[in-house]
Amino acid sequence: MKDWKIKVNSVLQLTPGHVCFLSKVLRDAPAEGAGLLCRSLPCGALSCSDKLHLTPRCRRSRATRSSANMTLAMTLWKAVVNVLCLPLHLMHAMGLYNIYKRIFPMCQSSFSIAYNTKMHEQKKELFGSLTQFTKPGGRLTLLEIGCGSGTNFQYYPPGCKVICTDPNPHFEKYLSKTMADNDHLSYERFVVATGEDLGSVGHESVDVVVCTLVLCSVNDIPQTLREVHRILRPGGAFYFMEHVVADPSTWSYFFQHVLQPLWYYFGDGCEVIRETWKHLEAAGFSDLKLRHIQAPLVFMLKPHIVGYGVK
Ligand SMILES: C[S@@+](CC[C@H](N)C(=O)[O-])C[C@H]1O[C@@H](n2cnc3c(N)ncnc32)[C@H](O)[C@@H]1O
């Protein structure tokens with residue numbers, strides 16, 4: 001066995017590529033900028049005595065490999081879940097899934113009570129700033145997209161005029177009850193409409209638009225945000241609290257992707273793998289206050305974005 005010393009990146013002028021290659025040969029991945037005691041093994045490979053650091057390039061190439069493996073595993077498991085969801089896919093294709101639209105409001109209104117308990121502080125803080133968008137001497141006019149059972153009403157300031165919209169008319173029963181419980185507000189009407197088409201609402205007619213847990217379900221986020229811009233008065237604001245896709249380096253990201261096909265049906269068209277913040281950043285708000293938070297919820301729904309954009 002023969003020992004020798006090399007000075008990485010100075011004597012031999014090793015490029016990161018060389019160091020990366022050396023690291024692969026040495027398996028233990030040494031080497032940047034320091035002296036390195038290496039020895040040849042009978043098999044012809046090298047071994048190194050020092051414990052040194054990987055170059056960023058090496059780390060990247062390892063990370064790329066493991067992320068490729070992860071993507072492959074994710075795709076395979078997602079295919080398995082898709083196969084298990086075949087009956088649901090079939091029901092959807094045959095239009096039978098629409099029955100769930102009748103049941104979903106009941107599930108949603110129970111879920112929203114639990115959600116509000118866990119997110120009470122975040123909602124209180126977010127909606128606490130609503131009054132700054134009241135016109136001088138006027139009342140705050142607020143339109144909620146996908147209002148569901150009216151989960152957010154308790155957080156709106158007294159005297160606020162609320163226009164409720166949701167494409168699912170079966171929410172009305174639950175909405176009426178929440179309206180009765182929140183008599184500090186005045187309700188204009190319940191419009192059955194999607195966020196993508198709020199045609200019956202006038203241009204620049206509202207001070208605030210609210211969307212919570214809805215941008216995960218709309219078919220077209222950019223179109224919904226265009227509608228928001230159309231109906232907001234100049235200086236008005238769009239408030240949001242939405243769950244989003246997790247960081248790609250996490251298991252949450254993996255499971256969000258694998259379980260998405262099943263979650264879609266369970267959540268009435270909800271997609272947990274959306275990068276919603278990108279759409280908000282591109283929507284042309286003059287000022288966007290957007291925070292990424294980890295909500296105290298099940299891992300699928302943990303990553304959230306919260307804030308508001310001013311028109
Ligand atoms: C998870 S629920 C959230 C309800 C309520 N915003 C909340 O925070 O409790 C999703 C809501 O989005 C509505 N929705 C689904 N697709 C929509 C669309 N394209 N435009 C507007 N709302 C939609 C559903 O009917 C449902 O009320």
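Tutor: Helices (H or I, at least four residues) and strands (E, at least two) are DSSP runs, numbered from the N terminus. This is a predicted model, in which local features need pLDDT of at least 70 and side-chain atom pairs count only at pLDDT 80 or more, while totals for chains, interfaces and linings use all residues. Residues are numbered from 1 along each chain as its sequence is written.

Student: What percentage of the residues in the protein is buried?

Tutor: A residue is buried if 20 or more other C-beta atoms lie within 10 Å of its own, exposed if 12 or fewer, and partly exposed in between, with C-beta atoms placed from the backbone. Of the 311 residues in the protein, the buried share is 32%.

Student: What share of the contacts with a separation of 6 or more comes from residues 24 or more positions apart?

Tutor: Two residues are in contact if their C-beta atoms, placed from the backbone, lie within 7 Å. Among contacts with a separation of 6 or more, residues 24 or more positions apart account for 65%.

Student: Which residues does F238 contact beyond its neighbours within four places in sequence?

Tutor: F238 is one of the core residues that touch the most other members. With neighbours within four places set aside, the contacts of F238 are V209, V228, L232, Y308 and G309.

Student: Against which elements do the buried residues of α6 pack?

Tutor: Helix α6 (residues 221-231) has I221, T224, L225, E227, V228 and I231 as its buried residues. Viewed down the axis of α6, these residues fall within an arc of 155° (taken from the directions from the helix axis to the C-beta atoms), so they line one face of the helix. An α-helix has 3.6 residues a turn, so residues three or four places apart point the same way. The buried residues of α6 pack against β4 (141-145), β7 (206-212), β8 (232-243) and α8 (276-281).

Student: Is R226 buried or partly exposed?

Tutor: R226 lies in helix α6. The C-alpha atoms of R226 and D197, 29 residues apart in sequence, are 9.6 Å apart in space. Because R226 has 13 C-beta neighbours inside 10 Å, its class is partly exposed.

Student: Is D166 buried or exposed?

Tutor: D166 is located in the loop between β5 and α5 (172-181). Leaving aside neighbours within four places in sequence, D166 is in contact with G146, C147, G148, F171 and V192. Since D166 has 24 C-beta neighbours inside 10 Å, it counts as buried.

Student: Which residues come nearest to the ligand?

Tutor: A residue is near a molecule if its C-beta atom, placed from the backbone, lies within 6 Å of it. The shell divides into seven nonpolar residues (Ala, Val, Leu, Ile, Met, Phe, Trp, Tyr, Cys and Pro), two charged (Asp, Glu, Lys and Arg) and 12 polar (the others, Gly among them). Of the 21 residues around the ligand, those that come nearest are G146, G148, T151, G195 and T212.

Student: What is the phi of E204?

Tutor: Most residues other than glycine have a negative phi. E204 is found in the loop between β6 (186-191) and β7. Although E204 is not a glycine, its phi is positive, at about 45°.

Note on methods
Core = buried A, V, L, I, M, F, W, Y, C linked by C-beta atoms within 7 Å.
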